[in-house]
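Please read this note with the model open beside it. The points are meant for someone who has not looked at this structure before.

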Amino acid sequence: MELIGQIVGIIAMILNIVAAQFKKPRQLFICRMVGCCLWALNFLLLGSPTGAIMNMIDVVRSVFLLRKQTSTKPFLWITLATFTVAGLLTMDYSFSLLM
């Protein structure tokens, strides 16, 4: 299962590198959306739910950014808050930066 996860991760990485080459925002967000879906699958196959959830939030963010009427400033703060809450709810508390 780990080998499959690594292969999916490599494909996701290639898609995200290719996404940076697009000039049009629509193409960029679609390619990033597919790449983030594959990253989420990669993290699920490797047993990391936090990484999978963070990438699924990015997929939802890309869907909203494909819409023209999405306001960027409030949407940015909502996205940051969602990332923060999801990270706090799913992270492993056995790791501490203070120790």
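The points below go from the overall fold to single residues and pairs.

1. Basis of the note. This is a predicted model, in which local features need pLDDT of at least 70, side-chain atom pairs count only at pLDDT 80 or more, and totals for chains, interfaces and linings use all residues. Residues are numbered from 1 along each chain as its sequence is written, and side-chain values use heavy atoms, with hydrogens and water left out.

2. Overall fold. The protein has 4 helices and 0 strands, and its pattern along the sequence is α-α-α-α. Helices (H or I, at least four residues) and strands (E, at least two) are taken as DSSP runs, numbered from the N terminus. Of the contacts with a separation of 6 or more, 55% are between residues 24 or more positions apart; a contact means heavy atoms within 4.5 Å.

3. Surface and burial. The accessible surface comes to about 7100 Å², and carbon and sulfur atoms hold 74% of that area. Areas follow the Shrake-Rupley method with a 1.4 Å probe, and for residues only the protein chains shown count as cover. Of the 99 residues, 25% are buried. Buried means under 20% relative accessible area, exposed means over 50%, and partly exposed is in between (1.4 Å probe, protein chains only).

4. Helix α2. The buried residues of α2 are Phe29, Cys31, Met33, Gly35, Cys36, Ala40 and Asn42. Their cover includes α1 and α3. Just after α2, Gly47 has a positive phi of about 80 degrees.

5. Ala20 sits in the loop between α1 (2-19) and α2 (25-45). Ala20 counts as exposed because its relative accessibility is 57%. Ala20 and Arg32 are 12 residues apart along the chain, and their C-alpha atoms are separated by 8.6 Å.

6. Salt bridges. The structure holds 2 salt bridges, where a salt bridge is a side-chain nitrogen of Lys or Arg within 4 Å of a carboxyl oxygen of Asp or Glu. One of them joins the side chains of Asp58 and Arg32 at 2.3 Å, N to O. This pair links distant parts of the chain, with Asp58 in helix α3 (residues 49-66) and Arg32 in helix α2, 26 residues apart. Arg61 and Asp58 also meet in a salt bridge, at 2.8 Å, N to O. Both of these residues lie in helix α3, 3 residues apart, which is about one turn of the helix.

7. Asp58 counts as buried because its relative accessibility is 9%. Arg32 counts as partly exposed at 24%, and Arg61 is partly exposed with a relative accessible area of 22%.

8. Cysteines. How many disulfides are there? The count comes to 0 disulfides, a disulfide being a pair of cysteine sulfur atoms within 2.5 Å. Cys31 is in no disulfide, and the nearest cysteine sulfur, that of Cys36, is 9.8 Å away. Cys31 is buried, at a relative accessible area of 10%. Cys37 is partly exposed at 36% relative accessibility. Its closest cysteine sulfur is in Cys36 at 7.5 Å, so the two are too far apart for a bond.

9. Aromatic rings. The whole structure contains 2 aromatic pairs. Rings of Phe, Tyr and Trp (its six-membered ring) pair if their centres lie within 6.5 Å; planes under 30 degrees apart count as stacked, over 60 as edge-to-face and the rest as tilted. One of the pairs is Phe64 with Phe75, tilted, at 5.7 Å centre to centre and 55 degrees between the planes. Phe64 lies in helix α3 and Phe75 in helix α4 (residues 72-90), so this pair ties together parts that are 11 residues apart in sequence. Phe64 counts as partly exposed at 34% relative accessibility, whereas Phe75 is buried with a relative accessible area of 15%.
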